[in-house]
There are 2 protein chains.
Amino acid sequence: MDARHAILFEPVVIGPKTLPNRFYQVPHASGFGSVRPRTQAAFRAIKAEGGWGGVCVEYAPIAADADETPAVGADIWDEADARALGLTAEAIHAHGALAGLELYHGGATSANGSSRAARVAPTQAVSERRWASLAKEMTADDIARLQRDWVRAARHAADNGFDIVYVYGAHGYLLTQFWSTVLNRRTDGYGGSLANRGRFWLETLEAVRAEIGGQCAVATRIPLHGDSGVPGAETLPGIEIDDMLALVGMADDLVDLWDVTVGSWPEDSGTSRYYPEGNQRRWTSRVREATAKPIVAVGRYTNPDLMAQVISSGEADLIGSARQAIADPFLPRKVAEGRLDEIRECTGSNICILREETFNHVGCVQNATAGEEFRRGWHPEKFPPAASAERPVLIVGAGPAGMECAVVLAKRGFGAVHLVEAEAEIGGRLRWTRRLPTLGDWGRITDWRSVQLAKLPGVEVITGRRLRAADVLEYGAELVVIATGSAWRGDGTQPGYPGPMPGTGPSLPHVLTPEQVCAGQRPPGPRVVVYDTDGYYVGPGVAELLAADGHEVTVVTTFAVLSPVSDETLEGDMLRAHLHRAGIRAVHATTITEIKPGGDGGGPWTVAGHDRHGDPWSAGCDGVVLVTQQASDDALYRELTGDPEALAAAGIAAVYRIGDAVAPRLLSEAVFDGHRLAREIDSPDPATPLPYRRERTELG
Amino acid sequence: MDARHAILFEPVVIGPKTLPNRFYQVPHASGFGSVRPRTQAAFRAIKAEGGWGGVCVEYAPIAADADETPAVGADIWDEADARALGLTAEAIHAHGALAGLELYHGGATSANGSSRAARVAPTQAVSERRWASLAKEMTADDIARLQRDWVRAARHAADNGFDIVYVYGAHGYLLTQFWSTVLNRRTDGYGGSLANRGRFWLETLEAVRAEIGGQCAVATRIPLHGDSGVPGAETLPGIEIDDMLALVGMADDLVDLWDVTVGSWPEDSGTSRYYPEGNQRRWTSRVREATAKPIVAVGRYTNPDLMAQVISSGEADLIGSARQAIADPFLPRKVAEGRLDEIRECTGSNICILREETFNHVGCVQNATAGEEFRRGWHPEKFPPAASAERPVLIVGAGPAGMECAVVLAKRGFGAVHLVEAEAEIGGRLRWTRRLPTLGDWGRITDWRSVQLAKLPGVEVITGRRLRAADVLEYGAELVVIATGSAWRGDGTQPGYPGPMPGTGPSLPHVLTPEQVCAGQRPPGPRVVVYDTDGYYVGPGVAELLAADGHEVTVVTTFAVLSPVSDETLEGDMLRAHLHRAGIRAVHATTITEIKPGGDGGGPWTVAGHDRHGDPWSAGCDGVVLVTQQASDDALYRELTGDPEALAAAGIAAVYRIGDAVAPRLLSEAVFDGHRLAREIDSPDPATPLPYRRERTELG
């Protein structure tokens with residue numbers, strides 16, 4: 001271990017418990033909750049095994065009126081829930097770490113759609129609107145009832161092995177709603193003055209501490225500041241830092257661990273596009289003014305040097321991490337063993353959040369094993385030797401899927417894996433994606449694999465060589481993996497309009513693909529329409545690139561908002577504000593079906609189509625970038641598999657296909673696909689994923 | 001029974017099985033899937049008990065690449081899944097009905113977010129786009145693999161008690177994708193000619209029939225027509241009726257039951273706003289041209305006379321129902337017993353779909369017990385006598401919650417329930433809602449309760465009497481239920497802007513609430529802005545009312561689309577097309593913060609605020625309707641509960657509050673709230689919902 005990192009491995013006392021080191025996986029969602037208890041346990045245990053001294057589960061709704069269905073939280077409504085969650089505490093303990101549980105009530109943000117309970121809030125008139133409904137204004141009885149629920153849940157958590165019990169207030173949930181000068185308009189003892197707005201929080205802490213204080217550490221999580229100033233970022237109304245430090249002072253005797261965050265969830269989990277590493281420090285560093293108790297702070301930290309500096313400065317006692325602990329559960333061990341170049345750094349793309357929020361199953365673009373520990377039995381650092389490891393393997397294409405597949409095959413003992421890339425550089429679509437404005441950190445996907453590929457003796461990486469079918473047949477490989485990716489179609493094919501769009505063609509200077517723009521081509525004039533039917537990062541990225549180059553850019557999109565997929569990574573509003581500030585115009589819910597010469601006064605070309613109602617729409621321009629659709633580059637795969645005799649003659653036992661060459665998709669899924677093939681290369685039919693273990697409902 | 005309905009009770013032979021009558025609950029989602037097997041069993045069994053001769057479960061994904069997470073389907077990936085679903089077959093059989101299972105693959109529409117399998121489609125280039133991703137174009141191996149999956153699932157279904165096994169093709173799922181001339185661009189034996197496009201479907205039917213044909217009836221479900229002509233309705237591209245009737249002819253020998261639908265899911269489950277009862281008949285009646293086999297057709301039928309007519313005409317053999325069977329599981333029995341006035345008619349509001357899609361838990365605006373059979377033990381027709389039935393009850397307010405509460409209390413044996421309404425008519429907000437354009441059928445909520453209230457001896461309904469607190473104290477009731485509802489605020493309070501909006505006031509002729517407009521008030525000039533921050537039916541309804549009256553209406557909404565909640569009831573696109581055709585303009589993602597005199601040339605008043613980027617926005621008008629926010633009318637409740645001594649002196653043991661007086665919310669939830677209080681009136685704390693039974697995951 002590097003001496004400068006030793007400080008990270010000091011134990012930290014929190015109330016009646018001692019954390020073995022300063023690495024702390026803060027509460028974060030996974031989609032597993034208490035309904036997939038063994039999946040949850042395996043997912044958290046791997047972090048304890050990897051050296052995180054404290055490991056928390058996600059938000060744990062304490063009662064039926066904190067129901068978040070269809071999102072999946074770690075419901076702890078009763079003793080049976082707590083027993084299910086106890087499996088996780090036990091699994092964390094097996095590796096010497098402490099287990100934390102985030103007892104939670106969302107108040108007006110809880111959906112209560114499944115439970116059908118009324119949503120609750122300090123004040124109805126300013127409560128969150130959902131499904132055209134408002135919340136119930138809490139009565140004194142409601143306040144007392146929820147505090148009893150919190151105490152009951154704390155008792156169940158303590159009895160089932162949890163060491164750290166949260167009274168969770170961050171991200172604008174119920175406790176913060178009471179604290180907010182905007183969301184709390186009460187005129188009773190729970191509204192108005194600092195003491196009144198803090199009363200619900202402090203009473204709850206007191207009650208929980210009275211119940212389990214001798215047995216467990218009591219933590220609370222607070223949002224320090226409602227608005228960190230990033231345009232478009234959702235704010236927490238009525239939350240200011242000086243005010244919140246006053247709460248820290250008021251509650252300090254009741255708290256063993258202060259877990260501090262900034263702002264709304266999209267701020268706290270700010271992506272690398274809009275928030276630098278350690279962005280939160282300017283606020284979190286101030287908490288020491290108000291308390292001498294241990295503090296845990298997050299900051300999307302991936303760099304151990306910076307982590308050590310944060311601790312040395314005294315501003316925090318623990319390095320809090322959610323996303324980095326997903327990307328590399330073994331970061332602490334790697335730091336301890338000086339294996340810094342093996343750390344998979346989080347890209348800050350928030351694919352983890354898209355996956356757990358949209359699909360109830362966390363995933364990671366860097367760590368394909370995240371969430372797969374129980375159901376597929378995958379370990380991020382252990383790779384069982386393959387039965388077929390003697391076979392020489394040729395992987396065609398060093399994009400995300402190909403790189404990942406090569407790494408995993410080599411770790412499984414394959415001694416001759418050739419990764420052959422047509423371009424001069426590996427990375428596939430990341431070659432140009434990482435050069436788009438704001439997307440630089442996504443290059444970490446390539447960088448980590450590049451370093452590993454160089455270190456693994458079984459792999460040879462060959463760039464600048466485009467293999468044809470004949471080349472593959474002659475290569476000498478027994479197993480062939482086609483990872484040739486996908487390309488943006490230049491013909492304007494889009495949903496509902498399968499044929500080439502009139503006015504497109506293979507080499508028109510005024511009709512470009514994203515790859516062409518990233519390769520340096522520019523439309524022949526200032527006025528550019530970027531037509532986006534894709535809905536994620538490519539259209540906005542190209543638009544920003546062109547705007548930075550001095551073009552007048554209009555993004556025309558078929559969606560009602562720009563880049564709806566970015567809403568699922570918590571970036572949508574920021575992305576739209578960012579583009580607006582860059583002077584990029586947006587036209588929504590509009591379809592382009594033709595590019596034709598002659599202008600509506602706006603340029604030599606006209607893009608024409610229809611608006612959301614089917615009424616005609618058109619605009620003039622100097623050029624168009626078509627971000628309409630990708631196509632799998634599967635020609636090589638088809639040619640090879642179309643001639644089984646040639647394969648047999650060449651001694652090729654199997655040809656597989658992975659990543660975008662199968663179907664253009666999210667980066668995380670392309671990486672997963674390459675990983676999966678390598679993990680299952682010995683199965684009877686490696687092209688088809690093996691069934692995975694699923695948790696079952698008791699049949700009663 | 002009325003003789004004209006006798007035809008509905010004839011048995012029908014389908015392959016090796018016989019349905020006891022012609023009432024058939026077609027496959028429809030519930031949110032219970034195979035992960036809540038006892039909830040599912042109880043939900044379906046109640047329909048068998050109520051007389052439906054055939055009862056189906058929802059869509060059953062046959063494999064991991066038909067994964068629909070976070071939506072919950074009846075996954076039948078393996079034998080253990082089938083055993084869980086077998087509980088439902090058994091429960092249906094206990095009441096003498098046949099059990100059906102819809103073996104399903106969504107192809108490119110399956111999300112596969114949890115399983116992480118590639119989505120599959122006949123043709124990648126025209127496959128559905130989701131999360132900026134396209135599907136894998138199926139290889140011959142993929143086709144064979146999915147057919148094996150279908151056969152395996154059929155075997156498991158048969159072995160676990162199902163009588164009817166579907167090869168499910170409707171709504172644009174995988175089989176329809178192969179059949180579509182637009183979505184199937186294959187050049188192999190599975191694309192091109194009728195025979196080729198039908199090959200996948202027919203081969204699958206053959207294989208399933210070979211496996212379980214002697215044991216089970218084989219059904220298939222088809223979409224007859226891709227576009228029924230309702231503006232804005234999603235179409236199924238490349239599906240035409242003559243073509244589809246050719247498929248019926250080609251496959252007729254392989255099928256025991258033809259289950260026929262029209263178009264996309266929003267068409268098939270068309271709401272009462274845009275589709276009349278029996279709308280599908282003009283297409284479904286043509287199926288007889290192509291087959292003599294039994295046919296089941298849906299049509300949101302609620303009227304037994306029309307059902308009998310459909311059967312008598314010979315066009316169908318079974319009355320298919322999803323929504324009506326939710327609204328009244330006992331419809332067949334009520335028809336059989338001539339209790340026609342007890343049938344709860346479906347309103348066609350699709351709240352069932354919002355609830356099961358958004359919350360994974362079906363619910364119904366007419367039948368508060370729907371989905372609550374297992375977890376709360378509620379039966380739609382059985383009401384256990386209450387221990388406190390001797391106590392006189394006063395319910396203040398005859399809106400949805402109050403009416404429902406009165407009905408249930410009376411059915412539980414309460415002998416003196418007074419339902420007192422301030423207005424001249426019962427119904428609460430439905431009084432004016434049902435008079436908005438397109439919302440007439442929602443009045444069935446009032447109508448059914450009105451009929452029951454008149455029949456129940458224990459209830460007295462008193463209208464036109466507004467009770468003050470003193471009146472309640474003097475009333476002579478021991479239990480008081482406050483159901484005073486909510487009202488639209490006229491002060492422009494809206495999310496993020498709690499105070500009164502500048503320019504509003506209590507009696508300004510140019511600033512109106514929805515209730516005022518529905519009561520006949522009109523803005524003093526033609527140009528009206530309807531400002532909608534509610535996002536459901538009120539803003540569009542008021543806009544349409546005013547437009548029909550000759551006003552020039554602009555709806556300004558804070559949302560990116562008009563009425564986003566209507567997307568969850570499958571109505572959004574139709575609603576927006578409908579309003580556009582009515583000449584109503586829409587301004588999206590815009591916030592109004594002030595109404596001020598003087599125009600931008602467009603009228604004597606200006607509404608001003610900001611657009612989606614915070615840039616200033618304004619427009620002139622003659623008047624504004626503020627559909628911004630409701631407020632619970634809880635003054636009476638607060639006054640009564642604020643004086644416990646007065647209550648004690650008056651002999652009032654408890655004061656409860658239900659419906660919108662607690663929190664303004666969806667109609668279904670207000671009805672549920674009234675029902676719940678009446679069901680739990682004897683519990684230790686009736687104001688707080690009792691815990692309900694939850695199904696648990698095996699801890700392994």
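Mentor: Start with the interface, where the rule finds 14 salt bridges between chain B and chain A. Keep in mind that this is a predicted model.

Trainee: Why is the meeting of B:Arg638 and A:Glu137 called a salt bridge?

Mentor: A salt bridge needs a side-chain nitrogen of Lys or Arg within 4 Å of a carboxyl oxygen of Asp or Glu. For the side chains of B:Arg638 and A:Glu137, the N to O distance is 3.4 Å. That value is within the 4 Å cut-off, so the pair is called a salt bridge.

Trainee: How many residue pairs are in polar contact between chain B and chain A?

Mentor: The count is 46 residue pairs, with both residues at pLDDT 80 or more. Several elements of chain B each supply at least two residues to the side that touches chain A, among them helix H1 (37-49), strand E7 (136-137) and helix H23 (667-679). The largest share, 5 residues, comes from H2(B). By kind, the residues on this side of chain B divide into 32 nonpolar, 25 polar and 30 charged.

Trainee: What is the area buried between chain B and chain A?

Mentor: About 7,100 Å², and carbon and sulfur atoms give 50% of it. In chain B, the residues that lose the most area to chain A are B:Arg116, B:Arg129 and B:Trp131, together 13% of what that side buries. As for contacts, 87 residues of chain B are in contact with 86 residues of chain A.

Trainee: How do you know that the copies meet through the same surface?

Mentor: Of the interface residues of chain B, 99% are also interface residues in chain A, so the surface is the same on both copies.

Trainee: Now a single residue. Why is A:Asp634 called buried?

Mentor: Buried means under 20% relative accessible area. A:Asp634 has 15%, so the residue counts as buried.

Trainee: Where is A:Asp634, and which residues does it touch?

Mentor: A:Asp634 lies in the loop between strand E26 (630-632) and helix H22 (635-641) of chain A. Leaving out residues up to four places away in sequence, A:Asp634 touches A:Arg657 and A:Ala661.

How values were computed
Residues numbered from 1 in each chain as written. Chains lettered and ligands numbered in written order. Predicted model: local features only at pLDDT ≥ 70, side-chain atom pairs only at ≥ 80, totals over all residues. Heavy atoms only, no water. Contact = heavy atoms within 4.5 Å. Buried area = accessible area lost by both parts, 1.4 Å probe. Polar contact = N/O pair within 3.5 Å; in protein donor to acceptor, adjacent residues only side chain to side chain. Helix = DSSP H or I, 4+ residues; strand = E, 2+ residues; numbered from the N terminus. Nonpolar A, V, L, I, M, F, W, Y, C, P; charged D, E, K, R; others polar. Buried < 20%, exposed > 50% of the residue type's maximum accessible area, 1.4 Å probe, protein only.
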